[in-house]
Amino acid sequence: MGKTALVESQISDASELVKKLDENGTPPTFAAWYYYDDAEDWRLLIAGPRFDALLKKSESAAYLLIAEAVADSLISSMSIADVKIVNSSSSLPRTVGIMIRTPSDAIMRAHFTDNYVNGIFLKEMFVLRSSVPNTAPAV
């Protein structure tokens, strides 16, 4: 496991955040705790069509949706600083989609360590949702 442990309360809070985003009409298609080995830290990665659109126009508006959902939830072990919004067409969500696929409204628990998938090394990851298409976007 990563040098910094991911604890049960963080996993539970991340699940609650995903549920709140679903309720607020901004359902993520990808949600996973990802361990950044170089920084020795975990980040909750979130992706989805609404976030993709906002990232192009205003990254701060995308993070505001997350901050509002955190504020409206009973989340105590994580903050907005633990979240990183990624584009759903980026390599990580698509690569994880090769390994695992969930229904668009599901929340699950899948833990991966030391995996190579499509040439990407995944040190450690805890997937909560992965309903991102694993194919490259049309150009």
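1. A word on terms before anything else: "buried" here stands for under 20% relative accessible area, "exposed" for over 50%, and "partly exposed" for in between, using a 1.4 Å probe and protein chains only. With that in hand, helix α4 (residues 91-99) has L92, P93, T95, V96 and G97 as its buried residues. Helices (H or I, at least four residues) and strands (E, at least two) are DSSP runs, numbered from the N terminus.

2. Some ground rules. This is a predicted model, in which local features need pLDDT of at least 70 and side-chain atom pairs count only at pLDDT 80 or more, while totals for chains, interfaces and linings use all residues. Residues are numbered from 1 along each chain as its sequence is written, and side-chain values use heavy atoms, with hydrogens and water left out.

3. Now the sheet. Five strands form an open sheet in the order β3-β2-β1-β5-β4, and the pairing is mixed. Two strands count as paired if DSSP finds at least two bridges between them. The edges belong to β3 and β4, each with a single partner strand, so one side of each has no neighbour in the sheet. From one strand to the next, the twist averages 35°.

4. Strand β1 deserves a look of its own. β1 (residues 30-36) is mostly covered, with six of its seven residues buried. Strand β2 (residues 41-47) runs antiparallel to β1, and seven bridges join the two.

5. Which residue takes a positive phi in the hairpin of β1 and β2? E40 does, with phi near 50°, and the hairpin has four residues between the strands. E40 sits in the loop between β1 and β2 and counts as partly exposed because its relative accessibility is 35%. D114 also has a positive phi, of about 50°, although it is not a glycine. That residue lies in strand β4 (residues 110-117), and at 47% relative accessibility it counts as partly exposed.

6. For the angles, axes are lines fitted to C-alpha atoms, for helices over the stretch in contact, and angles run from 0 to 180 degrees between N-to-C directions.

7. How do the helices α1 and α3 meet, and at what angle? Helix α1 (residues 8-23) and helix α3 (residues 59-71) pack at about 110°, with their axes 9 Å apart. That makes α1 roughly perpendicular to α3; under 35 degrees would count as roughly parallel, over 145 as roughly antiparallel, 65 to 115 as roughly perpendicular, and the rest as oblique. On the α1 side are L17, K20 and L21, which meet L65, I66, A69 and V70 in α3. By class, this contact has six nonpolar, no polar and one charged residues. Ala, Val, Leu, Ile, Met, Phe, Trp, Tyr, Cys and Pro count as nonpolar, Asp, Glu, Lys and Arg as charged, and the others, Gly among them, as polar.

8. Also in helix α1 is S15. S15 counts as buried because its relative accessibility is 9%. Leaving aside neighbours within four places in sequence, S15 is in contact with I107 and L128.

9. Helix α2 (residues 49-57) has F51, D52 and L54 as its buried residues. They pack against α1, β2, α3 and β3 (83-85).

10. Finally, D82: buried or exposed? At 18% relative accessibility, D82 counts as buried. D82 is in the loop between α3 and β3. Apart from neighbours within four places in sequence, D82 is in contact with W33, R43, L44 and S77. D82 and W33 are 49 residues apart along the chain, with 9.3 Å between their C-alpha atoms.

Technical notes: Contact means heavy atoms within 4.5 Å.
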